[in-house]
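Here is a short walk through one structure. Keep the sequence and the model side by side as you read.

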Amino acid sequence: MNIQEYENVKNYNYREYCDYLKKKYGEAKYDYFTKSFVKNSKTTRTKEGLICHHICEDTAIQLSTPEFAKKNPFEYQLAKNLCYCDYLEHLFLHILICENPSKNKNIFEVVGIGGVINFLVPELNDFYSGWVTNQSWRLNCHNKIKNDKDVYLALLKRFKKTCSGNIFYNDNCLYTSLNESFGLWSKEKNKKIFDEIKKL
């Protein structure tokens, strides 16, 4: 997603944006898990730089993990409840969930925010600071968004505003690194992007 496209879709609500992505990339053809909660490899489109997103994550968290998937209706895993997105579109989906979680969301689950602060932001901070993965699938996904750092910063500015009153959020959540704990990177190398985020 480039900045022009973001400007065109920034006022969509969550479900409208999911429908938009289905039209952009096509409908999912396969359920995410089998009945025994084994991931169906046919759902993967990382060769195209795309990630599979569970639309019902406005209702329940971590639906791509068997542990959490088993606690929810299997319907959430059906192809009709999946869409595809690039990394920045995935970030936007989770921000939209934060802004408008489902009225039927699971009790005691805070939807949307965990995907942002625990997974997407740490990885994208590293990527936009120069980290290069050795995983081919991830490299495909990174290459798809390599020229769109301006979109990343625009989304983080929106996220900061959206979650400013959330008890699970403070600005320090954004100054992170995915790979530091694995010894593959250092937060020191992210200093420039951290400075940019502080100014948002």
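**A loop residue and a helix pair**

The side chain of Asn40 reaches the backbone oxygen of Asp31, at 3.5 Å. This is a predicted model. Where does Asn40 sit? Look in the loop between helix 2 (14–25) and strand 1 (51–54).

Is Asn40 buried or exposed? Its relative accessible area is 18%. Buried means under 20%, so Asn40 counts as buried.

Now look at what surrounds Asn40. Set aside its neighbours within four places in sequence. Asn40 is then in contact with Tyr30, Asp31, Tyr32 and Phe33. Take Tyr30, which is 10 residues from Asn40 in sequence. In space, the two are 7.6 Å apart, C-alpha to C-alpha.

Next, turn to two helices. Helix 4 covers residues 87–99, and helix 7 covers residues 149–162. They pack at an angle of about 15 degrees. Their axes are 10 Å apart. Angles under 35 degrees count as roughly parallel, so helix 4 is roughly parallel to helix 7. The crossing of the two helices is left-handed.

Which residues meet there? Helix 4 brings Leu88, Leu91, Phe92, Ile95, Leu96, Cys98 and Glu99. Helix 7 brings Val151, Tyr152, Leu155, Arg158, Phe159 and Thr162. Sorted by class, this contact has 10 nonpolar residues, one polar residue and two charged residues.

Notes
Residues numbered from 1 in each chain as written. Predicted model: local features only at pLDDT ≥ 70, side-chain atom pairs only at ≥ 80, totals over all residues. Heavy atoms only, no water. Axes fitted to C-alpha atoms, helices over the stretch in contact; angles between N-to-C directions. Helix = DSSP H or I, 4+ residues; strand = E, 2+ residues; numbered from the N terminus. Parallel < 35°, antiparallel > 145°, perpendicular 65-115°, else oblique. Left-handed = near helix turned anticlockwise from the far one by under 90°. Contact = heavy atoms within 4.5 Å. Nonpolar A, V, L, I, M, F, W, Y, C, P; charged D, E, K, R; others polar. Buried < 20%, exposed > 50% of the residue type's maximum accessible area, 1.4 Å probe, protein only. Polar contact = N/O pair within 3.5 Å; in protein donor to acceptor, adjacent residues only side chain to side chain.
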